[in-house]
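Let's read a structure together, one feature at a time. Have the sequence and the 3D view open as we talk.

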Amino acid sequence: MHLGFVQPGSFWVRGVSCIKRLFGGDPDIPARWRALKRLAIEGHDNDREQQFFAMEVRSARFSTDWPAHWRVWDREAMTGVFRFWTGLLYQIFSNFGRSLIRPLAFWVVVMTVAAAAFLGAHHESAGRSAPGWRDRIATVARRAWMADANWHATHPCVAGYWPAGAQPETQATATDAVGEAWHLAFRNAFIVLDGGGDAAFRSYACLYGVTDYPGQTIANVPSSVAWVSVVQKAFSGVFIFLFGLALRNMLKMK
């Protein structure tokens, strides 16, 4: 006999149905795009292949792939969660391997943020209060565009640092913290780019000073700077790969 009560679980079923209708989730749609992609591959139509792949990934969201799932022991469910987030990031950072501008822009953004972090650590090493993130990013961005040449007076190297071959009276114009922070971030952005031992020593010594040991002088490298370098190189590697992939797709190289 029907008592007018809502059956257990009906709220969950209705909620899932509403989400599917809201996001257009249909488990049959990804398979249809996959079939079209297969036809494009057989017809050697690279443009349609990339387009159908993008639509396949997008249509799978909230139908077969979900941002989270409570059945953590279910391999298929967890694979769907992994596909959801990797597909979303792939879309954001490279438009499914079809954009050259997006990975390049994110690569520049990460390099600028890393240079700002290196500059902030410099102020702490020099015993000065570090400016806010907005000011640091604006500083390194203006320096990258050569908007102002008078940076040496406001961002000098750590006291006690002398560039190789420079005289004390030329220290103020030999190098500066902003230029070295940008130089360090630029080298990290290319991952394998090596400016040489002298260049690395100059950058770290200017930014963070040196420590004298018997028979040698070592440039200081704060742990925060080392971690920022690791993270920057990791992101830079991803963006360089995505840029190369987009270039390959654009040239239709197989």
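Q: What share of the contacts in the chain with a separation of 6 or more comes from residues 24 or more positions apart?
A: A contact here is a pair of residues with heavy atoms within 4.5 Å. In this predicted model, residues 24 or more positions apart account for 57% of the contacts with a separation of 6 or more. Gln50 and Asn249 give you an example to look up: they are 199 residues apart in sequence, and their C-alpha atoms are 8.4 Å apart in space.

Q: What else does Gln50 touch, not counting residues up to four places away in sequence?
A: Gln50 touches Arg98 as well as Asn249. Gln50 is found in helix α3.

Q: Is Gln50 buried or exposed?
A: The idea is to compare the relative accessible area with a cut-off: under 20% means buried, and over 50% means exposed. Gln50 has a relative accessible area of 16%, so Gln50 is buried. Ser59, also found in helix α3 (residues 46-59), has a value of 15% and is therefore buried. Beyond its neighbours within four places in sequence, Ser59 is in contact with Ile29, Pro30 and Trp33.

Q: How many of the residues in the chain are buried, as a percentage?
A: Of the 254 residues in the chain, 34% are buried. For the surface, the chain exposes about 15900 Å², and carbon and sulfur atoms supply 63% of that area.

Q: Which secondary structure elements does the chain have, and what pattern do they follow?
A: There are 10 helices and 2 strands. Along the sequence they read α-α-α-α-α-α-α-α-α-β-β-α.

Q: How do I read the way two helices pack?
A: Two packed helices are described by the angle between their axes and the distance between the axes. Take helix α6 (residues 133-144) and helix α8 (residues 177-189): their axes come within 10 Å and cross at roughly 85 degrees. An angle of 65 to 115 degrees counts as roughly perpendicular, and α6 and α8 are therefore roughly perpendicular to each other.

Q: Which residues meet where α6 contacts α8?
A: From α6 come Thr139, Val140, Arg143 and Ala144, and from α8 come Val178, Gly179 and Trp182. The residues of this contact divide into 4 nonpolar, 2 polar and 1 charged.

Q: Which class of accessibility do Ala144 and Arg136 belong to?
A: Ala144, in helix α6, has a relative accessible area of 34%, so Ala144 is partly exposed. Arg136 also lies in helix α6, but at 10% relative accessibility Arg136 counts as buried. Leaving aside its neighbours within four places in sequence, Arg136 is in contact with Ala116, Ala117, Leu119, Gly120 and Pro131.

Q: And the strands: how many bridges join β1 to β2, and do they run parallel or antiparallel?
A: Strands are taken as paired when there are at least two bridges between them. Here 4 bridges join β1 (residues 210-213) to β2 (residues 216-219), and the strands run antiparallel. Thr211 stands opposite Ile218 in β2.

Q: Which residue takes a positive phi in the hairpin of β1 and β2?
A: Look at Gly215, with a phi near 85 degrees. The hairpin has 2 residues between the strands.

Technical notes: Residues numbered from 1 in each chain as written. Predicted model: local features only at pLDDT ≥ 70, side-chain atom pairs only at ≥ 80, totals over all residues. Heavy atoms only, no water. Buried < 20%, exposed > 50% of the residue type's maximum accessible area, 1.4 Å probe, protein only. Areas by Shrake-Rupley, 256 points an atom, 1.4 Å probe, with all protein chains shown as cover. Axes fitted to C-alpha atoms, helices over the stretch in contact; angles between N-to-C directions. Parallel < 35°, antiparallel > 145°, perpendicular 65-115°, else oblique. Nonpolar A, V, L, I, M, F, W, Y, C, P; charged D, E, K, R; others polar.
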